[in-house]
Structure formats: structure tokens, C-alpha cells
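Please keep the sequence and the model open while reading.

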Amino acid sequence: MNQKPSRAPSMRDVAQLAGVSAQTVSRVLSDHPNVQPATRQSVKEAARSLGYRRNATARALVTGRSNMIGVITLSTSSYSRMTLIVGIEREAAARGYSVTFVSITNLSARSLEEGLSRLVAQGVDGIITAIPLQDSTAEVDNLLQEVPSVAIDSPLPAGEQAVTFDQAQAARLAVEHLISCGHTNIWHVAGPKDWIESETRIAGWRDALKAANLPVPPELFGDWSAESGYRSGLILGRMPEVTAVFVASDEMAFGLIAAVKELGRRVPEDISVVGIDDIELAPYCAPPLTTVRQPLEEIGRQAVRQLDGELSEHGDTPGSSQTGPIVPELILRSSTAKR
């Protein structure tokens, strides 16, 4: 005769085995600070011995918290965006949060509203907006007022708590390095027109050229992919007057270098190239890529830390001023040379 499966262990079972009250077990499993180390250890050993797993739904009913962070991002296979997401996931896990993602396929306000609505409906404790939208709407404003939020490089209402990277300064560092190498005809392959990072990097490129009294050629646009960089390289590589190119991402720079080399131009002897991001593959480009480091994993981690400060009783006061922009760093490698 088949026996019914035994019931799952309860908090009361853990308390009985550890010789403490159920309330003490709850405190230990909630990481409450006012528990003696020996008691905490005893409770954790009892929970492991019984195979006890705390029910997240029950916990949410008691605490009013889901311990879940929502992240809204643009659907992309970009290496840099994946690195940002890794930073968010790792820091969230270290702080006891699970993460739920909503990816939108375009930058329309309607897509953003739908994505935010889905996260709010899931009962997330807070939201990280990792999108490059330049404008907001009343509905987006309202949704972001419902839960604490932190923005990454976005002027949305969540910007009162934001993690920013000084995109204009990153562009200036790249261009000033090329100028210091003796280049006077410096072109730019930008990211998509509707991305705030693209617009800010274009502005930094122009400012650096104007400050040096150098001509500002028309920019070319890509979509962050190596393929779009390759297409731009086929154009610029046929222009003998082009001796230097500032590319708005490392991945596009890889494609551009491949194209100009196919056309018989040497890097850096004929054309110097600088990217932005310093992704893990940058040192292994041929030649190794000079780039401006954008610490994407750290940006993701900082966003979670700031959101946790908003959510924690012992964290920063909600609405506190944001930290200053993360400072870019020029990484010199072999894709640039003096004229």
C-alpha cells in the first residue's frame, strides 16, 4: 500500500529541533541583526538538517515585501548590456534579492509603460530602469511613483536616484588622445540616434574638436553591433584623408577595424581607432583596442546598492541626492599611434 508523502518541514519543526521559538527562527531566516551568533548557527543547522525552505509567498504576506527587484531594459544581444545585467544580478543575489527582467523591443513610450506596468503588477519592491529613453510621459511618471526606482543613464523621473557615467567626458578623453597623437581629421561612428548615450558622446566628440580648432566631419551612425561598425569601416576606409576614428562602442570598433584592414589600410599605421566600454574582448582585438573604460558590471552593482538603500530601514533616506557620475578611464593599447 502506497504511503502518502510526508509533509514539508515547517518553521515550527525547525524551532523544535533548534530548541528556540518560532519567532527566533523567523528572525534568523530574515537576517534580523538582534540574534546571538550561536543561536543563529543553531537555527541554520536545524533548517539545513530538515531541508527547510522558507516559502517566499508566505514571507511576502507577513513582511509586505517580495524581496524582488524589477529591471526594465532594451532587448539586445550587446555584450556591454549583458555585462550590465550580470552586475545587477550578482549584487542583487548578494543582498538577498531575486531579479525579474522585462525587455522592451523599442524605445516608444507605450512599450515603456507596458513594461513598467508588468513589473508593478508582479509586486516588485523596486525598479531599475536600464534604458536610454530621453523623454518621459505622465503615465511613466505615475508608474515610477508607485515603487522606489533607480535609473541608469536616463533622465526619467527615477533620476532623483540615478547611476550615471560621464559619457561626454568619455568621448572627450578618446578624441583628446587622438589629437595628442597628431591627428587632425577625426571621424566618429556613433550609436543609434534615439539613444541618449549616442547623443552625449557625439556632443563630447564635437566639443573636443572645436576646442582644438579642428574641423567637425559628419558623423556616421551604427546600432552598437560589429556589423554596423564594419559597414562604416567600408566607407571610411576608402577615404584616404581619414587617419583617426572614434567609435562609440568596442563592438562597432571591432567591425570597423576588420573592414579597413580588408581594404588594405593598416591599424594603427594608417588609421588609429578608439572605442568605448573596454569589454573583456578588447585586449584580444587585432590590434588590441585602445578604448575608454565604462565599468558596466560596477554600474549595475551600484544601481542595486542605491535601490537597496531606498528600500532598507537602515539605508539612505528615500529621495536622497544621487552619487556623482562614474569617471571614465582611457585604456591605451595598440590600435592608436602618433602620426
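A salt bridge here is a side-chain nitrogen of Lys or Arg within 4 Å of a carboxyl oxygen of Asp or Glu. By this rule the count comes to 15 salt bridges. The model is predicted, so local features need pLDDT of at least 70 and side-chain atom pairs count only at pLDDT 80 or more, while totals for chains, interfaces and linings use all residues. Residues are numbered from 1 along each chain as its sequence is written, and side-chain values use heavy atoms, with hydrogens and water left out.

**Salt bridges**

- R206 and E219 pair through their side chains at 3.1 Å, N to O. R206 belongs to helix α9 (residues 196–211) and E219 to the loop between α9 and β7 (220–221), so this bridge ties together parts 13 residues apart in sequence. Helices (H or I, at least four residues) and strands (E, at least two) are DSSP runs, numbered from the N terminus.
- R206 is partly exposed, with a relative accessible area of 32%; buried means under 20%, exposed over 50% and partly exposed in between (1.4 Å probe, protein chains only).
- R293 meets D278 in a salt bridge of 2.7 Å, N to O. Because R293 is in strand β10 (residues 290–293) and D278 in the loop between β9 (272–277) and β10, the pair ties together parts 15 residues apart in sequence.
- R293 is partly exposed at 33% relative accessibility, whereas D278 is buried at 15%.
- R293 also forms a salt bridge with E329 (3.5 Å, N to O). This pair links distant parts of the chain, with E329 in strand β11 (residues 329–331) and R293 in strand β10, 36 residues apart.
- A network of salt bridges links R90, E91, R95, E297, E298, R301, R305 and D308.

**Helices α5 and α12**

- The axes of α5 (residues 79–94) and α12 (residues 296–311) come within 7 Å and cross at roughly 40 degrees. Axes are lines fitted to C-alpha atoms, for helices over the stretch in contact, and angles run from 0 to 180 degrees between N-to-C directions.
- Residues making the contact include R90 and E91 of α5 and R301 and R305 of α12; contact means heavy atoms within 4.5 Å.

**A buried glutamate without a partner**

- E113 sits in helix α6 (residues 109–121).
- E113 is buried yet has no salt bridge, and the nearest side chain of opposite charge, R110, is 5.6 Å away. Lys and Arg count as positive and Asp and Glu as negative; His and the chain ends are not counted.
- Not counting residues up to four places away in sequence, E113 touches T137, E139, V140 and L143.
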